[in-house]
Amino acid sequence: MSERMSLIPFSNLIEWSLAEYKDRGAVFGVRKEKFYKNNSGTRVELFGERLASPVGPAAGPNSQLAQNIIASYLAGSRFVELKTVQIMDGEELSRCVPRPCINAMDECYNQEWSTELEVPQAFNEYVKAHFALYVLAKEFGISDEKDFSFNMSVGYDLEGIKSKKIDTFIEGMKDASNTPIWKECVEYLKANMSKFKRFNEKDLEKITTRISTGITLSTLHGCPPEEIERIAKYLLDEKKVNTFIKCNPTLLGYEFARKLMDDMGYGYVVFDDHHFKNDLQYDDAIKMLTRLMAYADERNLKFGVKLTNTFPVQKKNNELPGDEMYMSGRALYPLTISLAKKLAVEFKGKLRMSFSGGADAFNIVDIFNTGIYPITVATTILKPGGYERIKQMATELEPHLSGKFYGVNVKNVSFLADNVIHNKDNLKESRPVASRKTKSELPLFDCYKAPCKDGGCPINQQIPEYLSLVSKKKYKEALNVILTDNSSPAVLGVLCDHQCQHKCTRLDYEESLQIRSAKRHAVVNAMDEYIANQKQTPIITPKKAVVIGAGPGGVSVAYFLRRNGMAVKVLEKREQPYGIVKYVIPEFRIADKMIERDYNLAVSAGVEFEFGVNENYDIQALKKEYDFVIIATGAWLEPKAPFKEGADKLSNALKFLEDAKTSDLTLKLGKRVAILGGGSVAMDCARSALRCPGVEESIIVYRRTAEFMPAEPEEKELALQEGVKFAELLAPLSYDGKVLKCEVMKLGERDSSGRRGVESTGEIKELEFDTVVNATGARVCNELFKKNNLPLNEWGYVDINKNNESKIENVYTCGDCKAGASTIVKAIADAKVVSKDILKKCGLVHDFIKHNLPQDIDSMYEKKGVLQRAKTSNEDGGRCLTCDQICEICADVCPNRANVAIEVNSGTNTFSNIHQIVHIDGMCNECGNCGVFCPHSGNPYKDKVTVFWTEEDFIDSTNKGFYRTGEDTYKVRNEDGSIVDYKLGGNNISEAMKEMIVAVAKDYPYYIMNL
């Protein structure tokens, strides 16, 4: 395994493309259904060329290798900004790039800046791609004429650009006819015309020897303005090429950039004023650009600026190795569009601009309609969907193409810039994206996985299945799927903290699926009928269970056991079930009818409930009557006060909410109410307080900022919409019944989890409140545990094993009492664990079965790479990518196409899915992007079956995989790490590895390339 990339010969590129297209209907993983063809004939002009689309990859990982450029063209790119070349290249530069070097989880960070190839190699890649686009465009019926443009990118100083190495590159790109690679491509095509159906010798003669008509200048941060101007004049005057200068966001000034990032929710992105002080200054830039515009006009050449370069930020959260990295993507868009406005106003729209800073399918038309083009992208195509995202962008732009550049529309670009602060696609809080990785180890085979259910959902609900059914209005069938794992679908359809939605792959596109709402839709439409017709499972075991507590955990374990054939009784000290959900959570959040549905589900299943029971339970006495005892008593003990002085004057959050609910929100609280804490209970308290008569202000007092409040984003948003105020960075010290004394805090460094600590400023602030509610977290009362001599752990909870069983045999804990206040769905997850263990002990097979619903594979692939706005909850399942059947994210996000999906049709039961992932070592530079998005804990470029192109690479690697040594012989590294010589048909490797080798050799021979 090495970061060195092997370059594919031109003959192999063409033959690979033709074979993959014929056999698989794809080229370098881009399916022919996602090929873009401009059918309207509209064009846009740039540097004397007519392009079928002004969109394409920015100079970066997606334009470094010939196969990358081919993939991007087929998907819709018609302007390709080639990866930057500079005098430092090849091995020397590669050693300077830390690995991994790309992290596109949300906003993208990277640490590679120019081609890792030697400059002559880069030149060869660009020429090969130039030929390949002509050939494949004609062969696949995309275009009979050249409809694309290549743009050189060079850096970083005049001396380097004047060097023989870079000068030879530039001159070759202006006319490649006398270069060896040009001749090689021509000779291959002439000798192999019989391989083509549409491309012919006349087409070959039409291929222009000019690879590029324009150049983009990239300079390092701190480059003096006079040096930038000298280089631009050199390119315009001596090299006679149309020139863009890449500008840095630092032109906006530190204060403006910092405030904009903070206002957009990117306060965690750390940067200081260093580059702002040392980069090109705005006033100098205006003067320089004015002179260069005139200089280009005098020479009848085009000049403009590219907006913008990536933004240098500091590494604070282990995003990548090293100290500094470069930011792009949706967090860069606000800076880029703001600079575009500033320059458009300054030059009255006459300065030509290209755009690269967070463009995607949602904003690309708006950007283009400002008159700014071409538009290059990187981050969006480094995300799931990959190159195939380009087709949507090109298709959206096609009706708007209008020929020549007529200037930048100042009004349009100003509108975008002025309203960016309200743009939900770019506001962090509107779509908070965190890692979708889960704890599972990345398997060598069968690695497809839906992170929503296998990492986000504690009860592993079969989410893609029921989403599909709801979207088809098959509510009864959807509810059957939901009830398999969920005993409280009505309550969770309203109150679930839906961690599944935080793991949804759709977050990498636009926004999560409305999973919770879809569940609620199924409940409302089908659950009453289900309950009415539910038949009780006969008692099939003499064993009995008793559950102490009728909260969500207690009801759930009782329901699961009863429906699987066991008699169960639930003992509850209160008069109604569902504990905190029923007695504490406000009715404006959940209606009683929803709670009653879940209770009635358990009752109709045959669960016996006894209410008003004395809570002084004797577990040994219960064990004489019941075989299993499950304790599910919740967490009702009041929170620990954050201070001693005046602690007795604080209101307990749970009692406050219960009193508020019982009184129908008529509590007398005074005019100003403070709530200490930032979780869901605190939000409920604040919203309830505002509804009580006489309350004028309800204020959340929190020691960090709102960003770090543990409440779900929508709960915070609802509170703010209703008028709740947030008093941030205040740590309460005391309360005397009138004055809440607080210490003013400031945010400190982040810990390993990314959560920022707080530090004291020494400043004291006094705030007057009539009522102060302590909502810092309910606790578990362990008196029952102590009374019954249940061994406790160091935190005072019952000492349990992985099945939630205590040290006393057949006595279990479940829900909040197990380890402290948590979520409803985690209580139900406990119930599943306990139920499975008890049923196993009784010799019963549980009914938590998988529903195998037939899926349309073509429909799944059709959704890939397409951004869609969320639909109504009963239709949103149509956006589901069905990751539990087709994942292939690692193949999507690899810029070099080094991860590929193959079909293994062996006719055996070796694999659970015919779709398998193979890694091609020779095409990988260890950028690490596939590991960012893989839903498992591993990295596909290290942990998947690998095809090697050289024996040296095979030996240097630890990857499991193979290298072909002869017609039917291979060196194989087995699953256990051992290396063997294998001959097809032999038995010295696993069946799985055999089938992978046979599938690749037989159906994907172009993946095996001995160099």
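This dialogue walks through selected features of a predicted model.

Visitor: What are the ground rules for reading this model?

Guide: It is a predicted model: local features need pLDDT of at least 70, side-chain atom pairs count only at pLDDT 80 or more, and totals for chains, interfaces and linings use all residues. Residues are numbered from 1 along each chain as its sequence is written, and side-chain values use heavy atoms, with hydrogens and water left out.

Visitor: Which residues touch the most other members of the largest nonpolar core?

Guide: First the general idea. In soluble globular proteins, nonpolar side chains tend to be buried together. A nonpolar core here is a set of buried Ala, Val, Leu, Ile, Met, Phe, Trp, Tyr and Cys residues joined through side-chain atoms within 4.5 Å. Buried means under 20% relative accessible area, exposed over 50%, partly exposed in between (1.4 Å probe, protein chains only). In this structure the largest core has 276 residues. Trp-16, Phe-131, Phe-169, Met-327, Leu-343, Ile-630 and Ile-902 touch the most other members. Helix 4 (residues 119–139) supplies the largest share of this core, 13 residues. Helices (H or I, at least four residues) and strands (E, at least two) are DSSP runs, numbered from the N terminus.

Visitor: What does Ile-630 touch?

Guide: Contact means heavy atoms within 4.5 Å. Not counting residues up to four places away in sequence, Ile-630 touches Ala-545, Val-546, Val-547, Ile-548, Val-557, Leu-561, Tyr-812, Cys-814, Val-834 and Ile-838. A second, separate core has 28 residues, including Phe-656, Val-695, Ile-700 and Ala-711.

Visitor: In what order do the 5 strands of the open sheet run?

Guide: Start with pairing: two strands pair if DSSP finds at least two bridges between them. Here the order is 19-18-17-20-29, and the pairing is parallel. Strand 19 (608–611) and strand 29 (811–813) stand at the edges. Each has a single partner strand, so one side of each lacks a neighbour in the sheet. Neighbouring strands are turned by 20 degrees against each other on average, direction ignored. Axes are lines fitted to C-alpha atoms, for helices over the stretch in contact, and angles run from 0 to 180 degrees between N-to-C directions.

Visitor: Which residue is the bridge partner of Val-546 in strand 20?

Guide: Val-629. Strand 17 (residues 544–548) and strand 20 (residues 628–631) pair in the parallel sense over 4 bridges. Helix 32 (residues 824–841) packs on the sheet and touches strand 20 and strand 29. The direction of helix 32 makes about 160 degrees with that of strand 29.

Visitor: How many residues of helix 19 are buried?

Guide: 8 of the 11 residues of helix 19 (residues 475–485) are buried, so the helix is largely enclosed by the rest of the structure. Among them are Tyr-475, Leu-479 and Ile-482. Their cover includes helix 18 (463–471), helix 22 (515–533) and helix 32.

Visitor: How many disulfides does the structure hold?

Guide: A disulfide is a pair of cysteine sulfur atoms within 2.5 Å. The structure holds 0. Take Cys-96: the closest cysteine sulfur, in Cys-101, is 13 Å away, too far for a bond. Cys-96 is partly exposed, at 40% relative accessibility. Cys-504 is in no disulfide either, and the sulfur of Cys-452, the nearest, is 6.4 Å away. Cys-504 is buried, at 6% relative accessibility.

Visitor: Is Asn-426 buried or exposed?

Guide: Asn-426 is buried, at 2% relative accessibility. Asn-426 is found in the loop between helix 16 (410–418) and helix 17 (451–456). Leaving aside neighbours within four places in sequence, Asn-426 is in contact with Met-264, Tyr-266, Arg-330, Tyr-333 and Pro-334.
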